[in-house]
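Thanks for coming, everyone. I have one chain to show you today. Please take a look at the screen before I start.

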Amino acid sequence: MNTKALVILFAAAALLVAHNVESAEADAKPIVIAQSQEFSGGSARGDFGPPQGDPIQAILTSPPEVPPPVNRDHPARVIVELEVVEKDMQISEGVNYRFWTFGGTVPGSFIRIRQGDTVEFHLRNHPGSKMPHNIDLHAVTGSGGGATSSFTAPGHESVFSFKALSPGLFVYQCATMPVGMHVANGMYGLILVEPPGGLEPVDHEYYVMQGDFYTVGKYREKGNQPFDMQKAIEENATYVLFNGAEGALVGENALKAKVGDTVRLFVGNGGPNLVSSFHVIGEIFDKVYSEGGSHFQENVQTTLVPAGGSVITEFRVETPGTFILIDHSIFRAFNKGALGMLKVEGELNKEIYTGKEVDNVYLSDKAVGEGAPVMVQVTAAQQAGQATLEDQAAAGAILFNGTCSVCHQNNGMGLPGVFPPIARSDFLADKKSVIEAVINGISGPITVNDEDYNSVMPPMSHLNDDEIANILTYVYNSWGNPGGVVSIDEVAAVRESTRRPAGAAN
């Protein structure tokens, strides 16, 4: 090719490149202008201009309730006032714990705002508090998430502002040293930043947040239980709970809906240590907004919620019944307290499901919401040394129906050839052997009422001394058995004096 031809070729190529660049710039130009107009020269993430209208006082709600949708088409200045309160509350029946709270509840008050809002945050620390506190909101774009601006001594108030740039469901927490201790004592909650168009309407919205707790005493050990720092460091949780207490979402406290309703759960995990495997037994999530973000997955059975993270789940309930909320790390649900309920009323559609209602054999004593006052009353009487035989038997009946009735049956007759009877049973003649059997378990051949059995009773070492005493008092006074009382001291003496097999260390 001669020089003249090369010159022509390069010139044509140059013209083509220039045309493409000009076209690309022309195509991009409207996007740049639109972005500039929409975001008013601020952050491209969600700055919709300065606040409009008068300041708005945020509506805050306690769990499991959620504030109403924002329903605004413009950004506003939203004033959030939140007080830190250190208070004693029950973590389980008869078990008191000193919680550190945002707003007096665990989790803390639910906050709901709109993307682009400017939040004027007032954090107060109650004069009765013993510790300074602050707040780190994961919805904040800025150093410390607000923590560096909100260190607040008891009896004082801190104020700072931030603009909510990103939509989503975000955790907030205390970040005062030692951070883990503040979080482990219940200092966390959720803040929802709605997108400008809001969320799709549903029939019910609920606030559920998991946390792991570390007490000096073991699970359900009665009385005042202080925080155990070493257990927390080792991530050996005594309790794993929804909404700060065992039973917070069961019985009369259960979430509620009707057949055909749509339900949205705002689910958080305060941690401080454990990742949640959140699941609703008997339901499939139609949508799951993983980690509280903007995109959803469909038809999900179980979803992970990281410590310090969140998820939004949505589903329509198609059949009546009790649907069980759990952390599917399953021992946490049935042995550490991570269990809640959604009770759905309505007509049964047998084309969808023909099963019966969930019963206490499946849920243990956690299904018996009305039993909680009995347990509290008996616990108080036992701590005061005033519990009667009738008190112990009443509490024992509740515990037996969940813990023992699966094998021994509600009538105490057991299962022929498999599990021996404890109704009119000669095995009950030796009280010490009975207590040993509950604590240590039994494996291998045994003869009861002249019948041979060869099965396994696992050790019930997770039960506390008072629980075993109450169960056995109920057994001794039921189904024609000889009567009598099993005392806490008798159980404690047997536990102390017997060698327990591996797996029964407690």
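Ground rules before that. This is a predicted model, where local features need pLDDT of at least 70, side-chain atom pairs count only at pLDDT 80 or more, and totals for chains, interfaces and linings use all residues. Residues are numbered from 1 along each chain as its sequence is written, and side-chain values use heavy atoms, with hydrogens and water left out.

Now the overview. The chain has eleven helices and 23 strands. Those are DSSP runs, numbered from the N terminus: helices are H or I with at least four residues, strands are E with at least two. How much of the chain is buried? Of the 506 residues, 49% are buried. Buried means under 20% relative accessible area, exposed means over 50%, and partly exposed is in between, with a 1.4 Å probe and protein chains only. The accessible surface is about 23400 Å², and carbon and sulfur atoms hold 55% of that. That area comes from the Shrake-Rupley method with a 1.4 Å probe; for residues, only the protein chains shown count as cover.

Next, contacts. A contact means heavy atoms within 4.5 Å. Take the contacts between residues at least 6 apart in sequence: 68% of them join residues at least 24 apart.

On to strands. Two strands pair if DSSP finds at least two bridges between them. Look at strand E5, residues 118-125. Seven of its eight residues are buried. Strand E2 (residues 77-92) pairs with E5 in the parallel sense, over eight bridges.

Now jump to strands E22 (residues 442-448) and E23 (residues 451-457). They pair in the antiparallel sense over seven bridges.

Rings next. Rings of Phe, Tyr and Trp (its six-membered ring) pair if their centres lie within 6.5 Å; planes under 30 degrees apart are stacked, over 60 edge-to-face, and the rest tilted. How many aromatic pairs are there? The count is 16. One of them is Phe-110 with Tyr-207, edge-to-face, at 4.9 Å centre to centre and 80° between the planes. Phe-110 is in the loop between strand E3 (95-102) and strand E4 (111-114), and Tyr-207 is in strand E10 (residues 204-213), so the pair ties together parts 97 residues apart in sequence. Phe-110 and Tyr-207 are both buried. Tyr-474 and Trp-479 have ring centres 5.5 Å apart and planes at 80°, so that pair is edge-to-face. Ring pairs also link Phe-242, Phe-278, Phe-285 and Phe-315 into a cluster.

The rule: NZ of Lys or CZ of Arg within 6 Å of the ring centre and within 35 degrees of the ring normal. Arg-114 lies over the face of Phe-48, at 5.6 Å from the ring centre. Lys-287 lies over the face of Phe-296, at 4.6 Å.

Now the cores. A nonpolar core is a set of buried Ala, Val, Leu, Ile, Met, Phe, Trp, Tyr and Cys residues joined through side-chain atoms within 4.5 Å. The largest one has 52 residues, and those with the most contacts inside it are Phe-213, Leu-265, Phe-278, Leu-325 and Leu-342. E10 gives the most to this core, with five residues. Apart from it lies another core of 28 residues, including Leu-463 and Val-486. As a rule, in soluble globular proteins, nonpolar side chains tend to be buried together.

Most residues other than glycine have a negative phi, and most peptide bonds are trans. Where are the cis bonds I want to show? One joins Met-177 and Pro-178, with omega about -10°. Another joins Gly-271 and Pro-272, with omega about 15°. As for phi, Arg-220 has a positive value of about 65°. Arg-424 has a positive phi too, near 50°.
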